[in-house]
Amino acid sequence: MSPPFLVAIVPAWNEAGAIGGVVDEVRSVSAEIEVVVVDDASRDETASIAEAHGATVLRLPFNVGIGGAVQTGFRYALEQGYERAVRLDGDGQHDASQIPKILAPIEVGDADLVIGSRFVDPDGTYRPPLARRMGIRIFARLVSMLGRQRVTDTTSGFIALDRAGIELFAVEYPHDYPEVEATLVALRSGLRLAQVQVEMRERTAGTSSITFLRSLYYIVKVTLALFVASLRRYPKLEGAER
Amino acid sequence: MTPLRVSIVGVAASLLLILVVLELVRGRRLKERYALLWLATGAVLLVLSAWRGGLNTVAGWLGVTGYPPAVLFAVATLFVLLVLLHYSTVISKLTDENVELAQRVALLEERVGRSQLSDRQRAPG
């Protein structure tokens with residue numbers, strides 16, 4: 001048996017309608033990928049459906065939020081010795097057939113963390129509502145400034161990591177609304193970041209977890225977290241490939 | 001009108017609160033989620049201390065005619081109550097989650113013990 005290589009981490013909360021399709025799609029990319037669904041205490045059949053479709057299921061005892069759920073997957077990847085991890089959403093908005101595309105910069109040794117971005121290519125088809133587009137852009141600017149590297153999409157949940165990235169995120173990952181802050185933490189820890197244009201689909205089932213009051217909390221919390229993270233000192237990682 | 005010295009002490013105290021909270025977050029001893037209410041407390045007290053005319057106006061609305069800085073105390077007390085109430089809800093949630101974790105560990109230990117026992121029975125010696 002060869003050592004485990006690539007794991008796909010799929011956080012899911014009440015995604016019974018979509019999770020089976022997501023697991024199938026990832027497995028159809030390659031039979032070598034272990035699909036790990038982190039079930040964040042769903043009240044529906046998410047966990048058993050994922051299991052029936054051949055995924056490894058990590059069941060959290062109660063809802064810990066998206067960041068805590070994703071980090072559970074990174075910890076699993078660390079413990080099991082995986083060299084590569086991709087993370088995609090359980091609602092089907094990320095197209096699993098683009099997994100090889102977002103892994104490519106890692107395979108050629110150019111990056112430790114690859115973000116599947118909707119805005120690398122100015123002709124991309126993703127046109128979010130104005131408020132969300134502005135939010136995404138402002139956070140991208142802020143992270144670019146504080147991390148000293150241009151980042152186009154800090155809110156994407158479609159990412160790929162090498163071993164150095166897995167090691168970082170297994171111990172260092174924000175627990176709520178994690179993506180923006182995690183990008184900055186990765187840059188400040190010395191991970192090499194690449195961005196790849198991806199298209200995302202509309203949700204196939206379920207509802208987005210973002211409501212108006214939560215967006216307010218989101219903005220304030222993430223801004224504070226970015227500000228504080230830029231005051232912290234992060235140990236520079238010694239990547240295996242450097 | 002508020003005595004100048006009260007305003008200065010108020011500004012200093014609220015700035016100190018904000019700085020201490022930020023330092024606690026930076027040192028990872030306080031999560032952002034639980035820092036927000038403290039920062040709001042500091043910000044409101046800072047504004048009311050520094051903007052003396054504003055404090056007078058608010059005191060007027062509330063019918064506090066004799067001593068406007070009393071409003072500072074009232075607002076500070078209100079925020080402390082809010083923080084405490086918030087923490088009470090947080091503790092309640094933590095209590096439930098802690099019980100759930102203990103129960104899960106007990107069930108897991110029982111399951112692990114049983115599978116070790118059956119392994120031993122299958123492969124004696």
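## The two chains

Chain B has four helices and zero strands. The model is a predicted one. From the N terminus on, the order of elements in chain B is α-α-α-α. A compact globule of 125 residues would have a radius of gyration near 14 Å, whereas the value for chain B is 26 Å.

Chain A contains eight helices and seven strands. Its radius of gyration is 17 Å, close to the 18 Å that the globule rule gives for 242 residues, so chain A is as compact as a globular protein of that length.

| Property | Chain | Value |
|---|---|---|
| C-alpha box along the principal axes | chain A | roughly 45 × 45 × 40 Å |
| C-alpha span along the principal axes | chain B | about 90 × 30 × 15 Å |
| Residues that count as buried | chain A | 45% of 242 residues |
| Residues that count as buried | chain B | 14% of 125 residues |
| Contacts at least 24 apart, among those at least 6 apart in sequence | chain A | 76% |

Seven strands of chain A make an open sheet with mixed pairing, in the order S3-S2-S1-S4-S6-S5-S7. Strand S3 (56–59) and strand S7 (193–197) stand at the edges with a single partner strand each, so one side of each is left without a neighbour in the sheet. On average, neighbouring strands of this sheet are turned by 20° against each other, direction ignored.

Strand S1 (residues 6–12) and strand S2 (residues 34–39) of chain A are parallel and pair over six bridges. Here A:Val10 stands opposite A:Val37 in S2(A).

Which residues of S5(A) are buried on each of its faces? A:Leu113, A:Ile115 and A:Ser117 are buried on one side, and A:Val114 and A:Gly116 on the other. In total, five of the five residues of S5(A) are buried. In a regular strand the side chains alternate between the two faces of the sheet.

S5(A) pairs with S6(A) in the antiparallel sense over three bridges, and A:Ile115 has A:Ile159 as its bridge partner in S6(A). S5(A) is also joined to S7(A) by five bridges, and these two strands run parallel. A:Leu113 stands opposite A:Leu193 in S7(A).

Helix H4 (residues 99–107) of chain A lies across strand S4 (84–87), strand S5 (113–117), strand S6 (159–161) and S7, running at about 135° to S4(A).

## Helix H5 of chain A

Helix H5 (residues 130–147) of chain A has 18 residues. From first C-alpha to last, H5(A) reaches 25 Å, close to the 26 Å expected at 1.5 Å a residue. The buried residues of H5(A) are A:Ile136, A:Phe139, A:Ala140, A:Val143 and A:Gly147. Seen down the axis of H5(A), these buried residues fall within an arc of 105°, so they line one face of the helix. An α-helix has 3.6 residues a turn, so residues three or four places apart point the same way.

What covers the buried residues of H5(A)? The cover includes helix H7 (179–188) and helix H8 (212–231) of chain A. On the other side of H5(A), the residues A:Leu130, A:Ala131 and A:Met134 are exposed. After H5(A) comes A:Arg148, which has a positive phi near 55°.

Definitions and conventions:
Residues are numbered from 1 along each chain as its sequence is written. Chains are lettered from A and ligands numbered from 1 in the order in which they are written. This is a predicted model: local features need pLDDT of at least 70, side-chain atom pairs count only at pLDDT 80 or more; totals for chains, interfaces and linings use all residues. The expected span of a helix is 1.5 Å times one less than its number of residues. A residue is buried if 20 or more other C-beta atoms lie within 10 Å of its own, exposed if 12 or fewer, and partly exposed in between; C-beta atoms are placed from the backbone. The arc is that of the directions from the helix axis to the C-beta atoms. Two residues are in contact if their C-beta atoms, placed from the backbone, lie within 7 Å. The radius of gyration is taken over C-alpha atoms; the globule rule is 2.2 Å times the number of residues to the power 0.38. Two strands pair if DSSP finds at least two bridges between them. Axes are lines fitted to C-alpha atoms, for helices over the stretch in contact, and angles run from 0 to 180 degrees between N-to-C directions.
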